[in-house]
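Please look over the model shown below before reading the notes that follow. The briefing covers charge pairing, the interface, individual residues and confidence.

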Amino acid sequence: MTKRDFNPPTAITRRRFGQLLGLSGAALALPWRVEAQDGVETLVFALPGLVGNFEPHTWVGFGDTVHVMDTAARGLTHMNFTDPLPQPAIAEGWTISDDGRTYDFRIREGLTFHDGTAIDAAAVLRTFRRMIDEDDPTRPELSFALDNLGGDNVTGFEAPDAMTFRITLAKPDAAILGRLSRPDMVIVSPAALEEYGQEIGLNFVSCGPYRIVDVTPNERVVLEAFDNFYKGRPEIGRVVMQVIPEAVAQMTSLASGDLNVTNLIPHSNIDRLEGMEQIRIEQSAAFISAMLAMNCEAGVLSDIRVRQAINKAIDREAVVAEAFFGKAEIPGYVTPAAEQGYAPEHQRFSEYDPEGARALLEEAGATGAELSLISENSGFWPRLGQVVERSLNEVGLNVTTEYLDGGTFNGRLFDKTAHELAFLQRSAFFPDPDGRFSPLFASGTAGADDITAQSGLPAQARLDELIAQANAESDPEARGQLYVEINNYMAEEIMPIAAVVNTFLPVAVSENVAGVNANALGTYRTFLEDATFTS
Amino acid sequence: MADTAGQKLAARAGAGLRLSPGAALTALPWMVTALFVLAALLAPWLAPHDPVTGRAAPMQQMFSDGHLLGTDALGRDTLSRLLHGLRPMLVVSLGAVALALAAGGAYGLVSGTAGGRTDWAMMRAVDILMSFPLILAAILVLAALGPSLLNVTLAVAVSQLPIFARLARALAAGEAARDYVLAARAAGFPEWHVMLREVAPNIARPLLVQATSVVALAALTAAALSYLGLGVRPPAPDLGYMVKEGQELLFIAPEQALLPGLLIAVFALAVSFCGDQLADAERRGGAA
C-alpha cells in the first residue's frame with residue numbers, strides 16, 4: 001500500500017462544496033416534496049421525542065413508543081375511552097369460564113400483519129410466549145409485559161385450535177380484558193420476530209391501522225394506511241409523527257397548518273388556541289389524576305387525623321384555577337368521574353374545609369408540624385406544588401417542597417424512608433377501575449408498601465379483601481358498585497392519598513380534521529384510525 | 001509598594017472615565033448596575049405586595065388596578081417578584097465571583113509562583129475542570145449538593161474558578177521571574193512571604209478587572225441554573241425560574257417571561273460594560 005492510498009479521494013473545492021450543499025438541501029427537502037405532490041392525504045402529529053425503537057415489551061422511549069405503537073399495532077382487545085368496557089379488536093370475541101380463570105379469544109378470520117402473513121392463534125401465541133418464555137431468543141433482556149398483564153397470576157397461554165387463543169389464570173381477574181388493550185400487549189408478526197429477533201423494535205411489524213414505512217430517530221416516523229386493518233383501511237392515507245418538542249413551536253406549527261394534531265399543548269394556552277380560526281380544541285374526559293401520597297409511617301402522618309386534615313386543607317378550586325388555568329376538575333376520590341367505580345357521593349372527600357383541617361391538626365397535636373413534599377420539576381407539577389404547599393401552610397403545617405428531576409423523584413418516591421408527602425400521577429392507559437387500585441393500594445405492591453406505606457395498617461386487610469373481591473367480579477355493574485365502596489372505605493378508614501385534581505392532556509387539532517379520539521389522546525393513548533379531513 | 005493595587009486601579013479607572021468620549025454614556029452602565037443593586041437591597045420596601053404569598057386574581061394584565069405589571073398564574077404580584085428576584089441573582093453572581101476570585105486566585109498564585117512540577121500538576125487539574133462546559137460543571141456540583149442559594153453560589157463559583165486560576169497562574173509566573181521576586185528569594189524570605197507580600201499585590205489589579213467582567217457570566221450561569229430548576233426553590237422569586245414559568249405563557253402573557261429575561265440581560269450587559277471600561281483603563285494604565 002502506498003502513501004497515496006491514505007489521501008482523501010478528492011479535495012473539497014468551492015465548486016464541490018456548493019454541489020454538496022445543494023444535494024444536501026435537496027435530500028432534506030425531498031421527502032416533504034413527495035408527500036406534498038403524491039396526492040396522499042397526510043396527517044401530521046407532534047411527538048415529544050423519538051428514540052425509534054418500538055420494542056413493545058420494553059419501552060425504550062415513552063411518549064413516542066406509545067404513540068407509534070397505538071398507531072401501528074393492535075392487540076386482542078381495544079378500549080376506546082368512550083365505552084367503559086373493552087371492545088373486540090384482533091379477537092372478535094371471547095368466552096370466560098364459569099370459574100373466571102380461563103379466557104378463550106376467537107381470532108378474526110382473514111386478517112394479516114403488515115408483512116402479509118396471516119394472523120391466527122399460533123401467531124398470537126408466538127407473541128405471548130415471548131412474554132413468558134425466558135429462553136425465547138427474541139425476548140428482550142428486560143421484559144415487563146408479563147408483569148403488566150398480571151404477573152404470576154397468568155399461568156399459561158395456548159392455542160387449542162387454529163383460531164382460538166387461551167389465557168389461563170390462577171385466580172379470576174376481571175381487569176385482564178382491559179390490560180390486553182395496553183400498548184405492550186400488541187400482536188407482533190412471527191415472521192418478523194423470526195427475521196429480526198431482539199431487534200424487532202427497530203423493524204416493527206404488527207397489524208395496526210397504519211404500517212411503519214420510515215423511521216428517522218429524533219425526527220419523524222412515516223406511517224401509511226393499512227388495507228387489511230380489522231376495521232378496514234383508515235381514510236387518511238398517511239400519518240407523519242414529527243418531533244416537535246417545544247409547545248411554542250407546536251402552536252406556531254398548528255397555526256401555520258404544518259401540524260394537524262397534538263396533545264402536548266400546555267393547559268395555559270387552551271383559551272388562546274380556541275380563539276384561533278384554524279385550530280380546534282377537542283373536549284377530553286379527565287382521566288389523568290394528580291394525587292398527594294402520604295407516607296403512613298412517616299412521623300405525624302402515621303396519624304389518620306393528620307392525613308384527613310391534609311386532605312381537607314387542599315384548596316382544589318385554587319388548584320384548578322391557578323395550576324391548570326381552569327382546565328381540570330375537582331375529583332371525588334381515587335376513581336375519576338369518567339371511569340367505572342365513581343359516584344357523586346365521593347365529592348365529599350374533596351371538599352375544602354380549612355377550619356376542619358385546623359381542628360384535626362390541633363386534636364392530633366400536629367399544628368406546626370414540619371413536613372417535606374417531593375414533586376417533579378417539569379410540566380404542571382411546580383405550579384401544583386406551590387398551590388398545595390400554600391394550602392397546607394395556611395392551616396398550620398410547615399411544608400417545604402423539593403422539586404426534583406424525574407429520575408431523582410422516582411428514586412425517592414419508591415423509597416418510604418426518602419419521602420413524607422409526594423405527588424403521584426395516575427393516568428388511564430386502560431380505563432379499568434382496577435388499574436388505580438391493585439397496583440397502588442393493595443398490600444405487596446410498590447404503591448402500598450413503598451409510596452404510601454399503608455400495608456401494615458390494621459384497616460388495610462379489609463381493603464385488600466375488597467380489591468380482590470372487585471377484581472373477581474365478572475358482572476360489570478356489580479363490579480362498578482364494589483369500586484364505589486372501595487373508594488369510600490379507603491377515604492374513610494385509611495386516607496393514604498389526597499385526590500388533588502383530575503385533568504387531561506389538551507388536544508388541539510386543525511379545523512379541517514375530524515374523528516380524532518380526544519378522550520384517548522387526553523390520556524396518552526393515540527388512536528388515529530377514525531380521523532378524516534373535512535376539507 | 002506605597003500604593004496598594006486597589007488604589008492604583010481606582011486611580012487608573014478614574015483616568016479612564018475622564019478620557020471617555022461621552023461621560024453620560026460612560027456612566028450609564030455604572031448607573032444601571034447601581035440601580036440594580038439598590039433595587040435589590042430595597043426590594044422589601046419597594047415591592048408593593050408580598051412576592052410569595054400574595055393571593056390576588058391570577059393572570060391579571062399589566063397596569064391592572066394595584067398591580068402595575070400584573071399577576072402571575074398563582075396570583076402573585078409580578079413587580080414584587082421581579083424586585084425580589086433580583087436578590088438571588090446578585091447574591092449568586094457577586095458571591096460566586098468573590099469565591100472564585102479568592103480560590104482561583106490563590107490556586108493560580110501558588111501554581112505560578114512555585115513553577116516546575118507543582119505548576120504542571122496544578123494546571124492539569126484545572127485543564128480537567130475546564131474540559132467540562134461551565135454550565136455542566138455547575139450542574140454536576142448541584143447534582144451532588146442539591147439546589148439551594150448557597151449551593152448555586154458554590155456551583156457557579158466552581159464553574160468560574162478555572163478562569164481565575166489560569167489568569168492568576170499566568171500573571172504569577174510572569175512576576176516570579178522578575179528581579180524583585182528573585183531579590184526577595186535571595187534575601188532569604190520564605191516562599192509564603194514571596195507569594196503573599198511580593199507577587200500577590202502585583203497580580204491583584206488585573207484579577208479584579210477580570211472579576212468585574214466575569215460577574216456578567218456568573219449572572220447568566222445562575223439564571224440558566226434557575227431556569228433548569230436547579231436554583232432557588234419555589235415559591236421564592238428568582239428571575240431565571242420566572243423565565244421558565246413564563247415560557248409557556250408566551251402566547252397569552254408574554255411579559256411573564258420577557259420582563260425577567262430583560263432584567264437578566266440588562267444586568268449582564270451593564271456589568272459587562274463596566275468590566276470593559278475597567279479593562280480599558282487597566283490596559284491604558286499598563287501601557288503608561
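Over all chains, the structure holds 39 salt bridges, a salt bridge being a side-chain nitrogen of Lys or Arg within 4 Å of a carboxyl oxygen of Asp or Glu. This is a predicted model, in which local features need pLDDT of at least 70 and side-chain atom pairs count only at pLDDT 80 or more, while totals for chains, interfaces and linings use all residues; side-chain values use heavy atoms, with hydrogens and water left out. Residues are numbered from 1 along each chain as its sequence is written, and chains are lettered from A and ligands numbered from 1 in the order in which they are written.

**Salt bridges within chain A**

- Side chains of opposite charge can pair when their charged atoms come close.
- A:E322 and A:R390 form a salt bridge in which the closest N and O atoms are 3.0 Å apart; because A:E322 lies in helix 10 of chain A and A:R390 in helix 12 of chain A, the pair ties together parts that are 68 residues apart in sequence. Helices (H or I, at least four residues) and strands (E, at least two) are DSSP runs, numbered from the N terminus.
- Both A:E322 and A:R390 are buried, where buried means under 20% relative accessible area, exposed over 50%, and partly exposed in between (1.4 Å probe, protein chains only).
- A salt bridge also joins A:D227 to A:R233, with the closest N and O atoms 2.8 Å apart; A:D227 counts as exposed at 56% relative accessibility, whereas A:R233 is partly exposed, with a relative accessible area of 48%.
- The side chains of A:E465 and A:R462 meet in a salt bridge at 3.2 Å, N to O, and these two residues are separated by about one helical turn, because they are three residues apart in helix 16 of chain A. A:E465 is partly exposed at 49% relative accessibility, and A:R462 is partly exposed at 34%.
- A network of salt bridges links A:R74, A:K231, A:E529 and A:D530.

**Interface of chain A and chain B**

- In chain A, 24 residues are in contact with 20 residues of chain B, contact meaning heavy atoms within 4.5 Å.
- About 2000 Å² is buried between the two chains, with carbon and sulfur atoms giving 53% of that area; buried area is the accessible area (1.4 Å probe) that two parts lose on being put together, summed over both.
- In chain A, the residues that lose the most area to chain B are A:E322, A:Q386 and A:R390, which together account for 25% of what that side buries.
- The count between chain A and chain B is one salt bridge, and the side chains of B:E248 and A:R383 meet in a salt bridge at 3.5 Å, N to O.
- Nine residue pairs are in polar contact across the interface, with both residues at pLDDT 80 or more. A polar contact is a pair of N or O atoms within 3.5 Å; within protein, one must be able to donate a hydrogen and the other to accept it, and residues adjacent in sequence count only if both atoms are side-chain atoms.
- Helix 12 of chain A supplies the largest share of the side of chain A that touches chain B, namely seven residues.

**A buried residue of chain B**

- B:Q160 is placed in helix 7 (residues 149-176) of chain B and counts as buried, because its relative accessibility is 0%.
- The side chains of B:Q160 and B:S159 are joined by a polar contact of 3.3 Å, and, not counting residues up to four places away in sequence, B:Q160 touches several residues, including B:A100, B:L134 and B:T221.

**Backbone geometry**

- Most residues other than glycine have a negative phi, and most peptide bonds are trans.
- A:F81, in the loop between strand 2 (77-78) and strand 3 (87-88) of chain A, has a positive phi near 65 degrees.
- The peptide bond from B:P234 to B:P235 is cis, with omega near 10 degrees.

**Confidence**

- The predictor gives the complex an ipTM of 0.77 and a pTM of 0.83.
- Chain A averages a pLDDT of 90 and chain B averages 88, pLDDT being the predictor's confidence in each residue, from 0 to 100.
- Residues 1-14 of chain A stay under 50 in pLDDT.
- Where pLDDT is low, the predicted coordinates should not be read in detail.
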